[in-house]
Amino acid sequence: MPVLNSKELRLVGFLCNWCSYGGADTAGVARAGQPTDLRIIRVPCSGRVNPLFVVKALLEGADGVLVSGCHPRDCHYAAGNFYARRRLEVLKRFLPVLGIDNARFEYAWVSASEGQRWQHVVTSFTKRIHAMGPAPHFNDAKPLLRVADMALTALRPLGTAQNAAVNELKQAIKDKLPELNCVIGWQQGYDGAHATPLFMKTPEDVDKLSWGPFNVMNPAVYLPLFKGKKTGVVVKGCDSRSVVELLQENLIKREDVLIFALPCEGTLDIARVNEKLGRYTRINAVAYDEAGVTITADGKEHRFCMNDFAQGKCYGCATPMAVLADTRLGEPHKVNPGSSVPPELAMLDDMALSERMAFWRGQMERCLRCYACRNACPMCVCRDYCVSDSRDPHWMSQDADIKQKLFFQTIHALHLSGRCTGCGECQRACPVGIPILALRQQIARAVAQLFDDYKAGLDPAALPPLLGYEAHEKNIHERDWK
Amino acid sequence: MSTLRILTSDGLPAFLSFLSQKHHRVLVPVVKSANKRSVIFEPWRAGMPVVLEKATVPPKEAVLPQCETLLTYKKSKNQEDLGDITVSLDDTPEALSTVIFACRPCDARGFRVLDRPFLNGLFADPYYKARRESLTVFTITCSSGCNTCFCHWVGGGPSSPEGSDVLMTKIEEALMLQAISPAGETLLKDCDLPDGKDVFPRAEAVRKAAWASLAPAPDLKQVPQKIAALFGNDDFWQRQTSACLACGACTYFCPACYCFNITDEGDGFGVHGGRRLRSWDNCMSSLFTHEASGHNPRMRKMPRMRNRISHKFSTYPENWGTFSCSGCGRCISNCPVSLDIRAIVLTALNNAG
């Protein structure tokens with residue numbers, strides 16, 4: 001094909017068997033000249049194209065990826081391309097956060113009879129990629145380490161819940177305890193500056209319940225383990241969204257869970273607290289006041305004001321009170337309306353694509369693939385059947401290289417499309433502090449943009465957007481080829 | 001008396017450069033700033049800022065990498081008879097002579113835990129052996145305990161020399177270096193650092209003060225039998241493990257955990273052939289005991305966690321006479337839900353059953 005005289009690039013095409021593959025055939029039979037860069041992989045339906053195929057190709061060195069299927073409302077399997085359209089559009093808005101130019105990925109609709117259209121699609125796409133040149137690689141990027149600026153103004157006052165109705169809560173739990181398998185909450189951990197989950201079975205256990213800024217864990221993560229047993233759970237506002245999402249996906253049953261809630265006044269960023277505390281042998285005292293906590297470690301006092309040491313997610317939190325609960329005690333602070341970009345995402349927004357690639361390169365270098373992020377995620381319910389360590393299918397190598405690690409993070413993020421409630425447990429659990437929450441936040445932003453400001457885990461009756469479709473999408477256009 | 005040397009902080013780059021001339025790589029702790037600051041070991045290059053802090057990730061990688069190629073294989077077909085396939089293998093261990101600079105006594109003891117099964121078992125592991133034999137360990141003694149560590153419970157201590165070639169103790173702005181092994185002796189004799197005899201008493205005082213800062217240790221002699229006796233007590237294990245998320249953070253950050261998985265990458269045909277990889281595995285993972293038949297004897301996290309505790313505090317001591325835990329406390333500090341292995345061991349110890 002004379003249009004492209006430069007050296008061939010590596011382009012991967014996923015073509016639906018029924019339409020686009022036929023369209024490419026038609027173009028060939030009609031002797032319509034085509035560039036030879038595209039390596040075609042025939043798939044049964046564009047709905048079969050997992051967005052991860054695209055990411056894997058791009059991470060492994062493809063310079064461009066093209067997905068093409070039947071025109072919407074013309075799918076061989078009735079609705080495959082409707083699902084594909086939503087997923088691929090989310091993917092398109094996700095790739096830039098990794099540092100990959102989303103112009104390197106495109107999707108199109110070509111029917112079997114449209115040989116000429118196929119010729120046009122493949123030629124324009126190839127031309128575009130040639131204009132961009134070979135794709136930069138993660139392995140070639142110079143590691144960049146940057147820390148998000150956490151100095152933020154909260155949408156509501158943050159505090160230490162000094163006036164919370166903890167005793168009433170304990171009584172309410174004790175009253176219900178006889179009919180429950182257990183109630184999940186928090187207790188003091190190995191010292192006064194750490195909490196750990198508590199599984200209350202007896203009234204004595206209930207007395208150990210703690211409520212305050214150290215209750216960082218999301219107890220919803222345990223609920224699917226108790227499916228079929230009537231279980232209680234104490235939640236903060238953000239945790240309740242995870243419970244709702246689990247209900248939405250039928251991973252737990254409403255009649256099986258009893259939800260207890262107090263208004264949350266914010267939780268501490270334990271990583272930053274630990275950093276300030278430094279190496280200490282023992283905690284002498286932990287004193288609370290309205291605005292913060294004073295921890296005395298080895299005789300030295302450290303002050304942690306909630307406004308300065310809260311978790312990033314707490315500043316923009318608009319749901320201090322559980323969105324769904326059976327027992328609600330106390331009145332939450334009013335939330336000032338306003339939007340707030342989470343600090344990790346704001347940091348990435350400010351970077352150029354090449355800087356983002358360098359950033360993830362630097363971050364992923366210290367990932368140990370320990371999967372704390374996955375197992376702390378209440379929505380990661382496959383866990384024992386995760387593709388990341390499965391041998392069948394053998395999706396990922398056990399190699400400890402940055403591309404495999406970033407690919408795993410992408411799997412995790414994309415599997416959470418429209419499901420992630422932003423509880424931030426993935427990032428909090430990471431022992432080496434990789435800001436992976438930013439990937440989920442970008443997905444959540446894309447989902448909100450595409451689906452009328454949809455936020456996961458607010459309505460038990462809602463269907464997560466990536467599990468459904470509309471024949472005529474409001475915010476996704478037909479993508480007529482330009 | 002072993003060789004003693006004194007190293008001032010401004011002499012550190014020169015000393016590291018001396019070490020890197022003698023050895024292929026020198027691993028030093030460096031800070032990675034992120035939303036959770038972490039300290040990890042990286043090969044030293046001139047100009048690199050070194051921090052003498054306890055690392056977030058232990059330097060276990062130096063002898064047991066997170067992922068290594070055990071062998072590469074290549075298959076080729078006989079063009080005359082396509083059913084006739086020749087396989088060529090390369091399984092030469094790759095070992096770079098390495099110095100670990102400024103790990104902690106618990107990390108160094110971790111190497112000893114690994115040595116027993118890998119070097120002294122029925123079969124010596126050639127890959128491990130090659131790396132272990134070309135490893136020199138410079139350990140910095142701790143000046144105090146910390147909230148999560150418990151090295152003195154399990155036989156170590158803030159200045160335990162076990163597993164180290166050279167022990168270093170910080171005295172104000174200088175380090176006192178003390179040779180422990182013949183390899184350490186040779187290195188210290190060869191370097192041009194001034195003699196450290198004069199400061200030795202001060203270093204000893206620092207070490208004593210560190211010991212004094214530790215909380216009293218319980219007597220764990222009965223622990224192996226106690227834990228073995230609890231094996232069938234499901235209630236006990238259920239209570240101890242209910243908060244566990246079954247991730248692998250505790251094992252991957254443990255200097256004494258050494259379980260691995262072996263996987264093949266590629267069918268061996270083609271230009272690049274295939275690779276057999278050995279990568280870290282952990283008993284918290286469901287695939288850990290997944291049998292070829294499809295059966296998994298440890299389907300739930302309770303038996304998996306029981307395995308972890310039992311291996312460290314009961315079966316390993318039964319086989320090798322000492323705990324496979326060096327008390328570094330990283331499993332506690334890195335646990336997403338702050339599970340405390342010390343509490344589990346103590347509960348087992350005090351359990352009447």
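User: Leaving aside its neighbours within four places in sequence, which residues is Arg383(A) in contact with?

Analyst: This is a predicted model, in which local features need pLDDT of at least 70 and side-chain atom pairs count only at pLDDT 80 or more, while totals for chains, interfaces and linings use all residues. Residues are numbered from 1 along each chain as its sequence is written, chains are lettered from A and ligands numbered from 1 in the order in which they are written, and side-chain values use heavy atoms, with hydrogens and water left out. Arg383(A) sits in the loop between α13 (372-376) and α14 of chain A, where helices (H or I, at least four residues) and strands (E, at least two) are DSSP runs numbered from the N terminus. With contact meaning heavy atoms within 4.5 Å, and with neighbours within four places in sequence left aside, the residues that Arg383(A) touches are Val221(A), Arg374(A), Asn375(A) and Cys377(A).

User: Is Arg383(A) buried or exposed?

Analyst: Buried means under 20% relative accessible area, exposed means over 50%, and partly exposed lies in between (1.4 Å probe, protein chains only). The relative accessibility of Arg383(A) is 16%, so this residue counts as buried.

User: At roughly what angle do the axes of α14(A) and α16(A) cross?

Analyst: Axes are lines fitted to C-alpha atoms, for helices over the stretch in contact, and angles run from 0 to 180 degrees between N-to-C directions. The axes of α14(A) and helix α16 (residues 437-450) of chain A come within 9 Å. The contact brings together Gln409(A), His412(A), Ala413(A) and Leu414(A) of α14(A) with Leu439(A), Arg440(A) and Ile443(A) of α16(A). For this pair the crossing angle is roughly 35°.

User: How many charged residues does the contact of α3(A) with α14(A) have?

Analyst: The axes of helix α3 (residues 80-98) and helix α14 (residues 402-415) of chain A come within 12 Å and cross at roughly 145°. From α3(A) the contact takes Leu91(A), Phe94(A) and Leu98(A), and from α14(A) it takes Leu406(A), Thr410(A), Ala413(A) and Leu414(A). Ala, Val, Leu, Ile, Met, Phe, Trp, Tyr, Cys and Pro count as nonpolar, Asp, Glu, Lys and Arg as charged, and the others, Gly among them, as polar. By these classes the contact has 6 nonpolar residues and 1 polar residue, and the number of charged residues is none.

User: Which backbone nitrogen does the side chain of Ser240(A) reach?

Analyst: Ser240(A) belongs to helix α7 (residues 237-248) of chain A and is buried, with a relative accessible area of 0%. A polar contact is a pair of N or O atoms within 3.5 Å; within protein, one must be able to donate a hydrogen and the other to accept it, and residues adjacent in sequence count only if both atoms are side-chain atoms. At 2.9 Å, the side chain of Ser240(A) reaches the backbone nitrogen of Val323(A).

User: Within what arc do the buried residues of α11(B) fall?

Analyst: In helix α11 (residues 341-350) of chain B, the residues Ile341(B), Arg342(B), Ile344(B), Val345(B), Ala348(B) and Leu349(B) are buried. The arc is that of the directions from the helix axis to the C-beta atoms. Seen down the axis, the buried residues line one face of α11(B), because they fall within an arc of 165°.
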